[in-house]
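This report describes aromatic contacts, a surface patch and a helix of one model. The structure is shown first, and the description follows.

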Amino acid sequence: MLALIVLCALVGLIVLGVPIAIALGVTAVGTYLALGEPAILTMLPQRMYSSTTSFTLLAIPFFILAGNLMNTGGVTERIFRFAAALVGHIRGGLGQVNVVASLIFSGMSGAAVADAAGLGQVEFKAMRDRGYDERFSAAITAASSTIGPVFPPSIPFVIFASLTGISVVKLFLAGVVPGLLMAGALMAAVYVVAVIRKFPREMRASYHELWVSLKGALLPLGTPFIIIAGILTGIFTPTEAGVTASFYAAFLGLVVYREISLSSLPAILWDTLLHTIRVLFVIAAAGFFGWLLIHQRVPNSVITGLLAISDNPAVIMSLIVLILLVLGMFLEGIAVIVITVPIFMPVMAAIGVDPVQFGVIMIMCSMIGLLTPPVGMVLFAISSVTKVPVGALIRELWPYLIGIFVVLLLVICIPQVSTWLPEFVMGGGR
């Protein structure tokens, strides 16, 4: 009962427009006051501070910075040109290019909103200039940006790892196959839509154009390989990989392409700082909220309640996925992660689900949430960039949401989709 009251109070505050971090803090404080335990509030500063001091979380600002530097430094245009030369001739033309470019860029930034706001502008403008329907262009731009947090590196995976103690490297590797499957599903959806609407085919790029575009994108394409190879060989940690990616992006923008000036760096750093503060403030508030849940034995109540409904792991998993999808309609993805991880991880242990698999499931559910009303952040980011109304964007998104949902079902029903690669590369254990 307490769990239901706490979650209803939290969702109610958010629906009323209270910022997520404030809603988390107010719910936790109000619950302790209602329980007649105000003395416990002395733990508030300590819990908020300790929840943000994990070394792993240092990766977040650096991956955000890397994405901002690449969006400003001419990297996104070069990636888009290479993707156009590679797959532009497939039915759906620039829609296919949109997906492949987002897949490549996701190996650098790890954030859906960064992809939507940066590369998304390049993708949408190119499609509009070629005469593509604006609603179609905006929808595939929004859908393809959700590949970023699934395919490594991934900011949500870093947060999930900091909350659970699971290896960030294993989570990064677990996202590779689902990320590629998401790209394949979106490309298939674009193909079907293009056939139904009789979109024209693009001209196949010449070998010369393919070579020129590859040369232009070769240095940016090296970023994900530097990150993953460096982590796997032990040269640097995932956090240090974020630092490396930032320096590499700055080098490309300042020295190689010279599209970033020293005078523009303060604005880039300021934007990174603001984004980081928003994320870490949510994590700090969620630290105390999560402690409330554990202190009041809410996860135990949830386990008991779910097992009372059914002892079938498939049924319990279906209920949890449904809850995650519904929460994703109202909460930002990071908020869903920090709120539900303390509740659902013990449930996963009780029914024998691999925590790495569950991490991928949770991030994919939150990505679907980014594309669904009423609080889909990517929806509003793309709508503001493209000027396509949110309602029209939602109606156009269904084929791509179905594609992503099919991949989610594969991850749920076939654990090896997410667990095979980390087990193959790293073996068992956390």
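## Aromatic pairs

Tyr132 is buried, at a relative accessible area of 8%, where buried means under 20%, exposed over 50% and partly exposed in between, with a 1.4 Å probe and protein chains only. Phe136 is likewise buried, at 0%. Tyr132 and Phe136 form a stacked aromatic pair, with 6.2 Å from centre to centre and 20° between the planes. The model is predicted: local features need pLDDT of at least 70 and side-chain atom pairs pLDDT 80 or more, while totals for chains, interfaces and linings use all residues. Residues are numbered from 1 along each chain as its sequence is written, and side-chain values use heavy atoms, without hydrogens and water.

How many aromatic pairs does the rule give? The count is two; rings of Phe, Tyr and Trp (its six-membered ring) pair if their centres lie within 6.5 Å, and planes under 30 degrees apart are stacked, over 60 edge-to-face and the rest tilted. Trp420 and Phe424 also form a stacked pair, because their ring centres are 5.4 Å apart and their planes lie at 20°. Trp420 and Phe424 are four residues apart in helix H22 (residues 416-426), so about one helical turn separates them. Helices (H or I, at least four residues) and strands (E, at least two) are DSSP runs, numbered from the N terminus. Trp420 is partly exposed at 46% relative accessibility, and Phe424 is exposed at 62%.

## A charge over a ring

The charged end of Arg78 sits over the ring of Tyr257, at 3.6 Å from the ring centre. The criterion requires NZ of Lys or CZ of Arg within 6 Å of the ring centre and within 35 degrees of the ring normal.

## Nonpolar patch and helix H15

Ile22, Val26, Trp270, Leu273, Leu274, Ile277 and Phe281 make a nonpolar surface patch of about 640 Å². Patch residues have over 30% relative accessible area and no salt bridge; nonpolar side chains (Val, Leu, Ile, Met, Phe, Trp, Tyr) are joined within 5 Å, like charges within 9 Å. Helices H2 (20-34) and H15 (265-295) each give two or more residues to the patch, and the largest share, five residues, comes from H15.

Trp270 lies in H15 and is exposed, with a relative accessible area of 53%. H15 has 31 residues and spans 44 Å from first to last C-alpha, close to the 45 Å expected at 1.5 Å a residue; the expected span is 1.5 Å times one less than the number of residues. Just after H15, Arg297 takes a positive phi of about 55°.

How values were computed: Areas by Shrake-Rupley, 256 points an atom, 1.4 Å probe, with all protein chains shown as cover. Salt bridge = Lys/Arg side-chain N within 4 Å of Asp/Glu carboxyl O.
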